[in-house]
Structures are given as structure tokens and as C-alpha cells.
Amino acid sequence: MPSRIEITLSPELIDAEGQNLQAKAKHYFGITTDEIRTIHIITIDADLTEEQVTKAQSDIFTNPVTQISSLQPLAVDFDWMIWIGYRPGVRDNAGATAVEAMEDLLGINFKSGEGVYTSKRYCIRGNLLGRDDVDRIAAELLANDIIQQWKIFGTADWDPETGIGIIIPKVLLDHTPTVTAVPI
């Protein structure tokens, strides 16, 4: 059963990645934001128990001194939220490394078709921002459209119980190979 771990810096710590994005949005496009917080998402598509996922969460993915994490969507305040993840079929190097780390920690082997996928949520506060501003930040500062996909959520679109949902970027081919004779 798929599961998700969300990880972010403790609220009292400065989010350097978020501040860098804030500065770029202001410098390149004149888009002013109040604050941007970054949340890293680990989506696990494997037949693991909740105890195994919790062990990986605490022993691999979360630094208890500087980070907080949850198996549920983290409640970080925002006016707009951008989710960025890899497109289906694109190699996720961090996800592949996470598989190796989890296999070592848990003493298991992932089965064929199972995997770990990484993505990020950018929680943006700024009540003067419009959807076009946020889309421009996503398209021109955060994502490479060739290998990444994104979704934008306003506070009205956001369900705090399900968050972004479970997004697994797998290529699923629903095709039966056939042979066709072509007269020359």
C-alpha cells in the first residue's frame, strides 16, 4: 500500500531554499511574497507495514534536531502551494537512493514494480499573489517542463486530510503488441 512521508524544517528555523526562491521571484519577475516554506515528500510505493515506514521516517529521512515529519500532510500555512514532482518514466536518483537505504535499514528487498519517489511542496504566503504569479514561479523558477510536472493549490482547493494525495509517477502501458502486414 502506498504511503507518504512529508519532511520540513522546524518552524523556528530559516528555510534557506524558500528564501532563495523568494529572492529569485522578486529579482526576476517583481513578484513579492511574504514567506516560502519547503516540504520534501517521499512517496513509497511498496508493500511495507506502517512500522517499517515509521522506522524509515525516523532513522533515514528525518533529522530530529532540525526537521519535523509526518505520515500525514504537514500543516504549513500558505496562500498558494506548488507541488513539483518528476514525470512518469524520469529517473528519480534520490528515490533510487532511498530504496537502497530502506532495503539496508529494514533488511528487505523491494519487489519488481515497487519504488520510492521524491517531490516537493512549496508553501507560499503572500495575499497579493495571483494564480498567474504562482504559475510563473512554478514554470520558470522551479520546474523543468521536460522532466517535471506541477500542480498549484489555493487554500480553497486544499484538503488538509489528503494533501496532494498519493502521486506515483509510473509509466503504465495498456498496449497489446500486434503484428501488422504492410504491403510494399
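Let's start with two helices: the axes of α1 (residues 16–29) and α4 (residues 131–142) come within 11 Å and cross at roughly 100 degrees. That makes α1 and α4 roughly perpendicular to each other (the label covers 65 to 115 degrees). Axes here are lines fitted to C-alpha atoms, with angles running from 0 to 180 degrees between N-to-C directions. This is a predicted model, so local features need pLDDT of at least 70 and side-chain atom pairs count only at pLDDT 80 or more, while totals for chains, interfaces and linings use all residues. Residues are numbered from 1 along each chain, and side-chain values use heavy atoms, leaving out hydrogens and water.

Who touches whom? On the α1 side, Leu21, Lys24, Ala25, Tyr28 and Phe29 meet Arg136, Ile137, Glu140, Leu141 and Leu142 of α4, where contact means heavy atoms within 4.5 Å. α1 also lies across β2 (35–45) and β5 (115–125), at about 125 degrees to β2.

Those strands belong to an open, antiparallel sheet of six, ordered β3-β1-β2-β5-β4-β6; strands pair if DSSP finds at least two bridges between them. β3 and β6 each have a single partner strand, so one side of each is left without a neighbour in the sheet.

Now for the rings. Phe78 and Trp158 have ring centres 5.6 Å apart and planes at 85 degrees, so the pair is edge-to-face (centres within 6.5 Å, planes over 60 degrees apart). Both residues are buried, meaning under 20% relative accessible area with a 1.4 Å probe. Ring pairs link Phe78, Phe153 and Trp158 into a cluster.

Methods. Helices (H or I, at least four residues) and strands (E, at least two) are DSSP runs, numbered from the N terminus. Angles under 35 degrees count as roughly parallel, over 145 as roughly antiparallel, 65 to 115 as roughly perpendicular and the rest as oblique. Rings of Phe, Tyr and Trp (its six-membered ring) pair if their centres lie within 6.5 Å; planes under 30 degrees apart count as stacked, over 60 as edge-to-face and the rest as tilted. Buried means under 20% relative accessible area, exposed over 50%, partly exposed in between (1.4 Å probe, protein chains only).
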